[in-house]
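This report examines selected features of one protein chain. Please consult the sequence and the structure shown below while reading.

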Amino acid sequence: MTKPSPHFVDMGRARKPQHLTMLEPTVPGKPCSIVPFASSVGPADCDVEPLKRQKRDLDQVHDRSDTTLATRQTRRSSNALSLTTNPILALDKTYPFGLAAANWAIDPHQISPLTMEYLDLYFAHINHATFSMLPKGPFLRWVRECRNKTLDDKMVLYTLMAIGCRFSARKESISDGERLLQIARYSEQSSFGRFTLQLVQARLMMSLLTFSLGDSSGAWDYCGAALRAVYGLHYNSEDGVTDQAWLDYCEYGLHGTALAECKRRTFWSVYVMDVSDSVPLLFDLNPSYLADIPTAVRWLLLSPHIDVVQ
Amino acid sequence: MLSNEDCFLRLPCREDLYESQEIPETPYFAMAGQGLNWQEHATLGNMAHLIAIASAWSDVLQSIYRTKHRAIHAEHDAYEVFYGERQRQLQAFTNRLPTHWFPSNTPKIERALQSGYLGSFICLHALYHTTQMKLNRHALQDDLKEKSLGRNLRVAQFHARELLKITQTMSELQRAQSVSELAGIFSTPFLGYSILSAVDTLTSIGSLVDLKSDLLLVQSSLGLVEELGKYWAGAQEQFEVMAVRFREMTTALQTASVEDIVFCTTEPMDDPFGKELDLLFSPPVEDRLRGLGLGMEARRGKGVLSIKTPGLGIRDYGS
C-alpha cells in the first residue's frame, strides 16, 4: 500500500471544519485554496465563512438557539441561495423527502419525524450487530440538538436513513428509500476526493446499501472507495485516529477519546466489510441455473414440508 | 483487500463503554493473536472478536487467491505448514471466546437473543465456520499429503453441519418471534453466503444416510435465507439457487436404487476459485470417497449415485 501523497492529507485538513466551501481541482504541488460553493449546489443553512475561522466551540455544536428560516437567512452569504426564494427548495409538506438531490444541505431532522425512525432502524439492524461505528445515544442526541450540522454531517444522515429504510415496514419507506438513496449518492459524489470521517462512513453504508439492492459491482466500488479514504486519513494507525489537530471541531458532538474511538470503529467497520463481504460480492449465477429456478422455487413453495427421510 | 500487516490500530472497546464515552485503552490489533490474554482485557467487546475472526478469514482468502495464481508449485509441505498455522490461529480464537459465545447451542442462541447481541453472535459463527469450510475445501490436491484429503473433507463437512444447526435454531426462533426482535441478524449479507457454502459442502459427496439427515438441515435453513432475501438482493438469488439444489437432491433420493449407498454431485453451486482448487469436486471420486471412509463402496464400482447438476460456473476470483 503506497502512502497517500501529502497533498491529499492537506486537502482534508484544509477543509476542516466543513462549511459551504469547495477546493479547487487539485494539482500536485499546488497549494489548495478555498472558494465558495457555486450557487447551483444548494442553499445556505450554513455560513460561508473564511477557512481561517475553523474553531468551533462546543456551545455552537450544541446550539439550541432559534433556527427559523428567517434566522438562517440573516446568516447566509451573498453567494448562497435563499430557502424562501429558490423554487427548487419548495418542500412538499406531504412528502418531506421529495426534495431534489441537490438540496442535501437541508437537515433531514428538521423536515420529517421519520428521520429518527429511519435512524433507529439503522442502529437496530446495522450498527448494533456488525458495523458498530457510532454510539447510538450520543449520536441521536446530536441529531436532535445540533443546529449547525455541516454538509458532511448531512451526507451521513441521508445515507444512514437510506439504509435504515430497507428495514422499515412502512409502505412509504420504498419511495422514501429511493429518494434518500438519490440524495445520498449525489452528496457522496459531490464530496469526491475530500476525505473526511463522514465520507468514509457514507461510502461504507453506500456499499452495503448498493449490495442490498443487487448491484454487487457498485458495492465493491463503494467499498474500495471507503478503503482508499480511510487510508488517506491514516485511520489504520493510532496516530491517524488520535490526531489532535481537530480537537476544536467535534464530529457528532464527540470529542477527545470518544471521537478517536469513532474513527477507530469506522476503520474496523471498513475492514470487516472488505474482508467478510469480498467473496459474496463475487457470487454470480450460472445461466443454466436461471432457467430452472422458477420451477424449483415453485416446487419448494408448494411442498414446504417434504419428507426427506424415506 | 486490506492487509492485516497494515493495521496499526487498537481494537475497539466494549460497546457500553463507547456509549458512555468512557473509552479505555485497549490492546493493539497486532497483539490479538500473539499470546494476548483476552480474559484480562474486559475492555474488549463483541466487535473485537469479530475483527479477530475476520482477520483469520482474510488470511485464508488471500492464501487461496495466491495459490490459484501462482506460476510454480509450492515448496514441499508448505501447505501443511500453512494449514497447521491457520488451525492453531482458529483454535486460539475459539479458546478465548467467552463460554456463552462458543460452542454454540440452543440455550446460548436464546441468551444472545434475550441479551441483544444475536446479530454479532450469528455473524461471528458464520465467519468462523465459513473460514473453516474454505480453509479445508480450497487447495490443490497435489499440495496435500495423501491422508490430508480425507481430513480436509471431513472437517469441511463438520463445520458445514455445525453452521446449519445454528441456522436451524435461528429458523425456529424466527417462526416464534417477530422480526423486530430478531433485529441485527440481517445486518450482513455474509450469512446467506455462509449458508450456501454449507449446503454446497454437504450436498457434494458422501453417504446417502448422511444426506437424508443433512437435507433436513438444508430445508430448515432455506426459510432463513428467504427472509434474508427481503433485505439483500444477493440472498434472494442464493435462496433460488439453493432451492434448485434442494430439489435436485430430493428428487435424486426419491429415485435412488436400493443398491445406492453413496452419492456425488457433478458441479458446485459455490465456485469462486475454480474447480481445480475445490477438493469437494475436483479429485477423483474414488479418492474422495476413500478419504471419507467410504472407499469400499467405490471399489465395488456400484452403489454410487451420481447426481448431475446444472453446474454453476462462477467467474474466478480476481479475474
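In this predicted model, Ala112(B) counts as buried because its relative accessibility is 0%, and buried means under 20%. Ala112(B) lies in helix 4 of chain B, which spans residues 106-115. Apart from neighbours within four places in sequence, Ala112(B) is in contact with Tyr117(B), Leu118(B) and Phe121(B). Leu90(B) is 22 residues away from Ala112(B) along the chain, and the C-alpha atoms of the two are separated by 22 Å.

A pair of helices comes next. Two packed helices are described by the angle between their axes and the distance between the axes. Helix 8 (residues 208-228) and helix 9 (residues 233-255) of chain B pack at an angle of about 155°, and their axes are 10 Å apart. Helix 8 of chain B is therefore roughly antiparallel to helix 9 of chain B. The crossing of helix 8 of chain B with helix 9 of chain B is left-handed. Residues that meet here include Leu215(B) and Leu222(B) from helix 8 of chain B, and Phe239(B) and Phe246(B) from helix 9 of chain B. The residues of this contact comprise 14 nonpolar, three polar and two charged.

The strands of chain B pair as follows.

| Strands of chain B | Bridges | Direction |
|---|---|---|
| Strand 1 (residues 205-207) and strand 2 | Three bridges | Antiparallel |
| Strand 2 and strand 3 (residues 304-307) | Four bridges | Parallel |

Gly206(B) stands opposite Phe263(B) of strand 2 of chain B, while Val262(B) has Val304(B) in strand 3 of chain B as its bridge partner. In a regular strand, side chains alternate between the two faces of the sheet. Strand 2 (residues 262-265) of chain B is covered on both faces: Val262(B) and Cys264(B) on one side, and Phe263(B) and Thr265(B) on the other, are all buried.

Key
Residues numbered from 1 in each chain as written. Chains lettered and ligands numbered in written order. Predicted model: local features only at pLDDT ≥ 70, side-chain atom pairs only at ≥ 80, totals over all residues. Heavy atoms only, no water. Axes fitted to C-alpha atoms, helices over the stretch in contact; angles between N-to-C directions. Helix = DSSP H or I, 4+ residues; strand = E, 2+ residues; numbered from the N terminus. Parallel < 35°, antiparallel > 145°, perpendicular 65-115°, else oblique. Left-handed = near helix turned anticlockwise from the far one by under 90°. Contact = heavy atoms within 4.5 Å. Nonpolar A, V, L, I, M, F, W, Y, C, P; charged D, E, K, R; others polar. Buried < 20%, exposed > 50% of the residue type's maximum accessible area, 1.4 Å probe, protein only. Pairing = 2+ DSSP bridges.
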